[in-house]
Amino acid sequence: MGVLRSMQSLQAEVEGMREMLRGSAGGGNSGGGLKMQPTSVKRSTGGDEVEGDARVVCVTGGISFVGFAVVNRLLEVGYTVRLALETQEDLDKLREMDMFGEMGRDGVWTVMANVMDLDSLCRAFEGCVGVFHTSAFVDPSGVSGYTKHMANLEAKAAERVIEACVQTQSVRKCVFTSSLLACVWRQNYPHDRRLPTRLDENCWSDESLCRDKKLWFALGKTMAEKAVWRAARGRDLKLVTICPALVTGPGFRRRNSTSSIAYLKGAHEMFSEGLLATVNVEKVADAHVAVYEAMNNTAGGRYICYDHKIQRAEEAAELDRQLGIPYRTFSENSSDRPAWFELCNRKLSRLLSARRRCTYDIYCSYRVD
């Protein structure tokens, strides 16, 4: 989702950003434009957050499909966002395509940050209280060629992000974008049980199984998420991870096709086990912000995020068709055969429901007053 991209992929992402910005023009947060500003936010000292800094955050991979949706949602609810771009080419392309013009919004500016460079990450994070790490490695050729080497790079980059968070005095919280793939690839269970095995946040993909099946994208997500938990252990940093299913939504075929194709390697097995699911990018963004805001209270650990289970063969085939994946046949699951697994996102659902109730109570109180 952002560290390595082809020019065609970058142009598609930028065009998608344009469309989203046009759609949000005239909203309550519209204004002068995306701003190039120095990192002038005052740092916190000691163990407490300075008044006014709590709504300053940094987003890595902020022009990716998921990253931009997260940025958009943060702006909508009043955060100031530092958009971490990975290369000068990214910034130049955005300038060429007038992304800093009048269809931008106040409250966001850019900074250059190489996720493999600890010093540049620390500079990018300085003055921010929270970090959203949505950046990831994808195939620069624009096809599904995610390799074992890229999986190793992703894990190393994730470690550096956490280390930069720890070393940056102002940073207190980090939300890391993982994947449902870091949960679902496990060794086979006996299929003669009466009830399906529940798959929730306690489940981790088996790295050996991913290597044996050459599921490099799943391996990279698993290694990276495990790496951030190891790096954050015992450190002065609050960490949560979001594990979204296949991310869809308007423009995902153009803007997220590479990651989607890599995600769907092994789709036959996921489908047959009842583990192939999707989630709209707007829900993913909402989950990131909701969990971030709940970290001051009870939120912690991992959160599985999906809103639709693919249970019909024609749905799975349609995903392939939309992404241009060569034709493959999905066998319809027998209605008298029990599902081997049951996906569970109850933890995130409870948090989002509580947040909606809280918002409703505040709104009703305001109306009564």
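**Rings and charges**

I began with charges over rings: Lys173 lies over the face of Tyr292, 3.8 Å from the ring centre. The model is predicted, and I read the distances below with that in mind.

Arg302 lies over the face of Trp204, and the distance to the ring centre is 3.5 Å.

Next I asked how many aromatic pairs there are. The count comes to two.

I took the pair of Tyr79 and Tyr292, whose ring centres are 5.9 Å apart with 75° between the planes. This pair is edge-to-face, because an angle over 60 degrees counts as such.

I checked where the two partners sit in the chain. Tyr79 is in the loop between helix 2 (65-76) and strand 2 (80-85), while Tyr292 belongs to helix 12 (residues 281-294). They are 213 residues apart, so I noted the pair as a link between distant parts of the chain.

Are Tyr79 and Tyr292 buried or exposed? I found both buried.

I went on to Phe132 and Tyr292. Phe132 is buried, as is Tyr292.

Last, I put the pairs together: Tyr79, Phe132 and Tyr292 are linked into a cluster by ring pairs. Within my notes, Tyr292 is also the ring with Lys173 over its face.

Notes
Residues are numbered from 1 along each chain as its sequence is written. This is a predicted model: local features need pLDDT of at least 70, side-chain atom pairs count only at pLDDT 80 or more; totals for chains, interfaces and linings use all residues. Side-chain values use heavy atoms; hydrogens and water are left out. Rings of Phe, Tyr and Trp (its six-membered ring) pair if their centres lie within 6.5 Å; planes under 30 degrees apart count as stacked, over 60 as edge-to-face and the rest as tilted. Helices (H or I, at least four residues) and strands (E, at least two) are DSSP runs, numbered from the N terminus. Buried means under 20% relative accessible area, exposed over 50%, partly exposed in between (1.4 Å probe, protein chains only). A charge sits over a ring if NZ of Lys or CZ of Arg is within 6 Å of the ring centre and within 35 degrees of the ring normal.
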